[in-house]
Amino acid sequence: MTQLALSGKTALVTGSTSGIGLGIAKSLAKQGADIVMNGFGDHQSAMAEIAACGVKVQYHGADMSKASDIEAMMKFASASFGGVDILVNNAGI
């Protein structure tokens, strides 16, 4: 079996529950990256789309306008996956 380019990596994509952010997260997941999602709205269906790519996915609802939320999200990502290798700052704030 061929290893995907991003296997073993973790990507955190802000604003990834819909639109461009979800598209970016799905693209990274299809290359093997585990995903930490962030954003407002329906995150359950977005998580299901990412999980369908065969990777691990977690969600954190941090508000990007609050430094304490961002810090908590990074700690969450580290606790969940051991750190973040790829950060895509796609949130619309």
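Modeller: What follows is a close look at one helix, then at the sheet and the core around it.

This is a predicted model: local features need pLDDT of at least 70, side-chain atom pairs count only at pLDDT 80 or more, and totals for chains, interfaces and linings use all residues. Residues are numbered from 1 along each chain as its sequence is written, and side-chain values use heavy atoms, with hydrogens and water left out.

The part is helix 2 (43–51). Helices (H or I, at least four residues) and strands (E, at least two) are DSSP runs, numbered from the N terminus. Asp42 caps the N-terminal end of helix 2. One of its side-chain oxygens lies 3.2 Å from the backbone nitrogen of Gln44.

Ala46, Met47 and Ile50 are the buried residues of helix 2. Buried means under 20% relative accessible area, exposed over 50%, and partly exposed in between (1.4 Å probe, protein chains only). These three cover an arc of only 100 degrees around the axis, so they sit on the same side of helix 2. The arc is that of the directions from the helix axis to the C-beta atoms. An α-helix has 3.6 residues a turn, so residues three or four places apart point the same way. Ala48 also lies in helix 2. Ala48 is partly exposed, at a relative accessible area of 45%.

What do the buried residues of helix 2 pack against? Their partners are helix 1, strand 2 and strand 3. Contact means heavy atoms within 4.5 Å. Helix 2 lies across strand 2 and strand 3 and runs at about 160 degrees to strand 3. Axes are lines fitted to C-alpha atoms, for helices over the stretch in contact, and angles run from 0 to 180 degrees between N-to-C directions.

Four strands form an open sheet in the order 3-2-1-4, with parallel pairing. Strand 3 and strand 4 (86–88) stand at the edges with a single partner strand each, so one side of each has no neighbour in the sheet. Two strands pair if DSSP finds at least two bridges between them. Strand 1 and strand 2 run parallel and are joined by four bridges. Leu12 has Val36 as its bridge partner in strand 2. Thr10 has Asp34 there.

In strand 2, Asp34 and Val36 point one way, and Ile35 and Met37 point the other way. All four are buried.

Last, the core. A nonpolar core is a set of buried Ala, Val, Leu, Ile, Met, Phe, Trp, Tyr and Cys residues joined through side-chain atoms within 4.5 Å. The largest one has 16 residues, and Leu28, Ile35, Met37, Ile50 and Val57 touch the most other members. Helix 2 is among the elements that each supply at least two residues of this core, along with strand 1 (10–13), helix 1 (19–30), strand 2 (34–37) and strand 3 (57–59). Helix 1 gives the most, with four residues.

Ile35 links several of these pieces. Leaving aside neighbours within four places in sequence, its contacts include Ala11, Leu28, Ile50, Val57 and Phe81.

Note on methods: A polar contact is a pair of N or O atoms within 3.5 Å; within protein, one must be able to donate a hydrogen and the other to accept it, and residues adjacent in sequence count only if both atoms are side-chain atoms.
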